[in-house]
Amino acid sequence: MNVPTIENLYRTEWGRLLAALIRDCGHFDMAEEALQDAFAAAARAWTAGWPPHPAGWIYKAARNDIIDRRRHEALAQRKHAELALLSDGDVAEGMNEEGDVHDERLRLIFTCCHPALAPESQVALTLRTLCGLTTEEIARAFLVATSTMAQRLVRAKAKIQSAGIPYRVPEAADLPERLTEVLTVIYLVFNEGYAAASGAVLIRKELCQEAIRLARLLRSLLPGSVSELDGLLALMLLQDSRSEARLDSHGDLILLQDQDRRLWKREQIEEGIALVKGARRLGPPGAFLVEAAIAAVHAESTSAEQTDWAQISALYARLQRQHTSAIVDVNAAVALMMAKGPAAALPSLTALGAELEDYHPWHLARAEALLRLGRHEDAAHHLRRAYALAVNAVERRYIARKLARCDAAPS
């Protein structure tokens, strides 16, 4: 039986609690500070045992903290009406009623993704507020310095306050033009759950499920089907379908080609493939739908040996034409290696070195190509660099095992 911890509660409930508090007080920083204090108070108060409704306890403590802060402001600035509005009613008992909190998170994601904010700030702010990622974790996901990311977050929050960005879901007619940023954010939330940027675990299931839930909720709000939204939902369902097969009994990483495909979730695979087929009929595929098509090829393969790497490589080539990204280029090179051999992919990987020297998946991809060419010493260099750059403990153990095998191989 899993023993509940404050850390687990933080990971699973942060976004819901913060969204409700922002709804109550209308201020990002105040809500976040009160919530952090409430979690600290819980860690001190629950040493003898947890309350029946932990999330409700935290929410009520944070909300009371906000009321106290506003009371001091009201006394100083005579904002009695504002204080009365905040103090009216106590919805802490409603924290276990899913619908209310889920709606607030949808408002929060559209606020964070408002077009008045820079795209990189939209994503960073949503990851910080909705998912509770630290500034350091977000910085690693963006491959930027922590100080740079901290400045983005500060500017984004200040912009929301100064510009009076509304805390609401846009009207139906405005949803399509606001969708691109939101889809990007949702996918980055999913990615953090699928392969955590740091920590002792690789998979954070609650983030994967939250991203899938948000995508489903968006589909229910839009007046008609949207190809890219369906593509994103399909992509996440197909990737998440492999979650039970990605780690062994010791919590160590199992690569796609070595996974027990009997553990893949067939219901999710069938839904994902159906979404891909339906979205293709809606118009030219965007980046998410192409990626979903790639995931579908993997899902339809009965074994690693039967995987149609030529089709995957062709899909990546199409994705490269639509979506310029060095990270996509790495994946495309890996697909090319699987389809035509390491010699065909190595020039492309080498060309990416200047841009991705600090990106550990690039070092892993280049090491794999070099290993297949018998260049063990060169491969070991990249594996050591990948190990130094990786932060997640599960990934580091995988790289260490690969490096040990590489060092033991005959030269």
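Is Ala-31 buried or exposed?

1. Ala-31 counts as buried, at 0% relative accessibility; buried means under 20% relative accessible area, exposed over 50%, and partly exposed in between (1.4 Å probe, protein chains only). Ala-31 is placed in helix H2, where helices (H or I, at least four residues) and strands (E, at least two) are DSSP runs numbered from the N terminus. Leaving aside neighbours within four places in sequence, Ala-31 is in contact (heavy atoms within 4.5 Å) with Leu-18, Leu-21, Ile-22, Cys-25 and Ile-66. The C-alpha atoms of Ala-31 and Leu-21 are separated by 5.5 Å, although these residues are ten apart along the chain.

2. Basis of the note. This is a predicted model, in which local features need pLDDT of at least 70 and side-chain atom pairs count only at pLDDT 80 or more, while totals for chains, interfaces and linings use all residues. Residues are numbered from 1 along each chain as its sequence is written, and side-chain values use heavy atoms, with hydrogens and water left out.

3. Confidence. The chain has a mean pLDDT of 86, and 89% of its residues reach 70 or more; pLDDT is the predictor's confidence in each residue, from 0 to 100. Over residues 87–102 the pLDDT is below 50, and this stretch has 22 contacts in the model beyond near neighbours in sequence. Where pLDDT is low, the predicted coordinates should not be read in detail.

4. Aromatic pairs. Rings of Phe, Tyr and Trp (its six-membered ring) pair if their centres lie within 6.5 Å; planes under 30 degrees apart count as stacked, over 60 as edge-to-face and the rest as tilted. The count by this rule is eight aromatic pairs. One of them is the edge-to-face pair of Trp-46 and Trp-57, at 5.1 Å centre to centre with 75° between the planes. Trp-46 lies in the loop between helix H2 (28–45) and helix H3 (54–77), and Trp-57 in helix H3, so the pair ties together parts that are eleven residues apart in sequence. Trp-46 is buried at 7% relative accessibility, whereas Trp-57 is partly exposed at 30%.

5. Tyr-187 and Phe-288 also form an edge-to-face pair, at 5.4 Å centre to centre and 80° between the planes. Because Tyr-187 lies in helix H9 (residues 175–194) and Phe-288 in helix H13 (residues 287–300), this pair ties together parts that are 101 residues apart in sequence. Both residues, Tyr-187 and Phe-288, are buried.

6. Charges over rings. The rule requires NZ of Lys or CZ of Arg within 6 Å of the ring centre and within 35 degrees of the ring normal. Arg-246 lies over the face of Tyr-194, 3.7 Å from the ring centre. Arg-396 lies over the face of Tyr-387, at 4.0 Å from the ring centre.

7. Cysteines. With a disulfide defined as a pair of cysteine sulfur atoms within 2.5 Å, the count is zero disulfides. The closest cysteine sulfur to that of Cys-113 is in Cys-112, at 6.4 Å, too far for a bond. Cys-113 is buried, with a relative accessible area of 0%, and Cys-406 is buried at 5%.

8. Ser-241 is placed in the loop between H11 and helix H12 (266–280) and counts as buried at 1% relative accessibility.
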